[in-house]
Amino acid sequence: MKNLIIKNEYERIVFAEVYSPLFVDSQMDTMTADEIKKSAYRFMKEGRINKIDVMHNFQESGCYAVESFIARKNDPDNFIEGSWVLGVKIESDELWTKILKGELNGFYLAGSGETKRVDEPIDLSSFVKGETFKSMDGLLPE
């Protein structure tokens, strides 16, 4: 969904937004910052750090979360404020190669929830194909 940032190529750790507040996803759904935070905290509370699949195949990939946080204002990596961000360790050579080639370039939240109408502005321009970036001395594309 969003851009993937390779923060540590030697350790194979990548970071990306899992979900951003009030951005429309591919199912035309969106979540508020509060709901995103609840989802992120539940993910950690339930110990789901190994439940990382590829392309929604619901098969554990061997990847696992090493960091999880809610992006704050003026995030140094330009993550959107209120977004849930995961740092994931990639152990599979095959997946790492796909990341380096840009074939895998983001995270996407799989789950279910209650749908309700919320009168908030949303960003319809968020249907962006993700890209993979290598972090170089904290300098990332704007």
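**Close-up views of a predicted model**

**View 1. Buried residues of helix α1.** In this predicted model, the buried residues of α1 include I36, S39, A40 and F43. Seen down the helix axis, the buried residues of α1 fall within an arc of 95°, so they line one face of the helix. An α-helix has 3.6 residues a turn, so residues three or four places apart point the same way. The buried residues of α1 pack against β2, β3 and β4. On the face turned away from the buried side, α1 carries the exposed residues D34, Y41 and K45.

**View 2. Length and end of α1.** The 13 residues of α1 should span 18 Å at 1.5 Å a residue, and the end C-alpha atoms are 18 Å apart, which agrees. After α1 comes G47, with a positive phi near 65°.

**View 3. The largest nonpolar core.** This core has 23 residues, and V14, W84, L86, V88, I90, I99 and F107 touch the most other members. Two or more residues each come from β1 (4-8), β2, α1 (33-45), β3 (64-70), β4 (84-89) and α2 (93-101). The most come from β2, which gives four. Leaving out residues up to four places away in sequence, V14 touches L4, I5, I6, L86, G87, V88, I90, W96, I99 and F107. Another core, of six residues, lies apart from the largest one; among its members are I13, F15, A71 and F79.

**View 4. E17 in strand β2.** E17 sits in β2, which covers residues 13-19. Its relative accessibility is 6%, so E17 counts as buried. A polar atom of the E17 side chain lies 2.6 Å from the backbone nitrogen of I80.

Methods. Residues numbered from 1 in each chain as written. Predicted model: local features only at pLDDT ≥ 70, side-chain atom pairs only at ≥ 80, totals over all residues. Heavy atoms only, no water. Buried < 20%, exposed > 50% of the residue type's maximum accessible area, 1.4 Å probe, protein only. Polar contact = N/O pair within 3.5 Å; in protein donor to acceptor, adjacent residues only side chain to side chain. Core = buried A, V, L, I, M, F, W, Y, C linked by side-chain atoms within 4.5 Å. Contact = heavy atoms within 4.5 Å. Expected span 1.5 Å × (residues − 1). Arc of directions from axis to C-beta.
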